[in-house]
Amino acid sequence: MRAHQLNRISSKVIIVLFLIALLTVLSGYFQPLQPDEGAAAHIFQLTIVALVPTILLFLLTADWKQPWRTARPLALPAAALLLAFAALYYLEHYR
């Protein structure tokens with residue numbers, strides 16, 4: 001596989017993992033309070049752990065001759081991750 005193909009595939013996987021993390025946190029708002037962590041917490045943790053090698057693969061296969069074009073696919077997932085952690089913080093501390 002060429003680096004360009006790996007970069008494109010890893011960028012799509014990053015988006016999917018970020019959306020899974022966000023939806024997992026949002027699902028916590030529709031469940032009753034539980035005394036301990038449920039399956040959703042573990043799914044969230046696993047998606048965050050899976051993001052590390054995926055982002056590393058994306059960065060290693062990126063074309064750094066055009067840095068703005070390279071960084072653009074990470075904008076939406078970064079915003080989704082920030083939103084997911086903000087929602088998780090609110091869920092844990094204020095609900």
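These notebook entries record what I looked up in the structure.

**Entry 1: the model and its confidence**

I noted that this is a predicted model, in which local features need pLDDT of at least 70 and side-chain atom pairs count only at pLDDT 80 or more, while totals for chains, interfaces and linings use all residues. Residues are numbered from 1 along each chain as its sequence is written, and side-chain values use heavy atoms, with hydrogens and water left out.

I looked up pLDDT, the predictor's confidence in each residue, from 0 to 100. The protein averages 89, and 100% of the residues score at least 70.

**Entry 2: the overall fold**

I counted four helices and zero strands; both are DSSP runs numbered from the N terminus, helices being H or I with at least four residues and strands E with at least two. From the N terminus on, the order of elements is α-α-α-α. Along the principal axes, the C-alpha atoms fill a box of roughly 50 × 25 × 15 Å.

I then looked up burial (buried is under 20% relative accessible area, exposed over 50%, partly exposed in between, with a 1.4 Å probe and protein chains only). Of the 95 residues, 25% are buried. For contacts, meaning heavy atoms within 4.5 Å, I took those with a separation of 6 or more: residues 24 or more positions apart account for 77% of them.

Is Ser10 buried or exposed? Ser10 counts as buried because its relative accessibility is 2%. Ser10 is found in helix α1. A polar atom of the Ser10 side chain lies 3.0 Å from the backbone oxygen of Asn7. This may be set beside the cut-off for a polar contact (a pair of N or O atoms within 3.5 Å; within protein, one must be able to donate a hydrogen and the other to accept it, and residues adjacent in sequence count only if both atoms are side-chain atoms). Neighbours within four places in sequence left aside, Ser10 is in contact with Thr54, Leu57, Phe58 and Thr61.

I placed Ser11 in helix α1 (residues 3-27). Ser11 has a relative accessibility of 13%, so Ser11 counts as buried. The Ser11 side chain has a polar atom 2.7 Å from the backbone oxygen of Arg8. With neighbours within four places in sequence left aside, Ser11 is in contact with Phe58 and Pro73. I also noted that Ser11 and Thr54, 43 residues apart in sequence, are 8.1 Å apart in space, C-alpha to C-alpha.

**Entry 3: the aromatic rings**

How many aromatic pairs does a search of the whole structure find? The search finds four. Rings of Phe, Tyr and Trp (its six-membered ring) pair if their centres lie within 6.5 Å; planes under 30 degrees apart count as stacked, over 60 as edge-to-face and the rest as tilted.

The pair of Tyr89 and Tyr94 is edge-to-face, at 6.2 Å centre to centre and 70° between the planes. The pair of Tyr90 and Tyr94 is tilted, at 5.7 Å and 35°. Tyr90 and Tyr94 both lie in helix α4 (residues 75-94), four residues apart, about one turn of the helix.

Tyr94 is exposed because its relative accessible area is 56%. Tyr89 is partly exposed at 47%, and Tyr90 is partly exposed at 43%. I found that ring pairs link Tyr29, Tyr89, Tyr90 and Tyr94 into a cluster.
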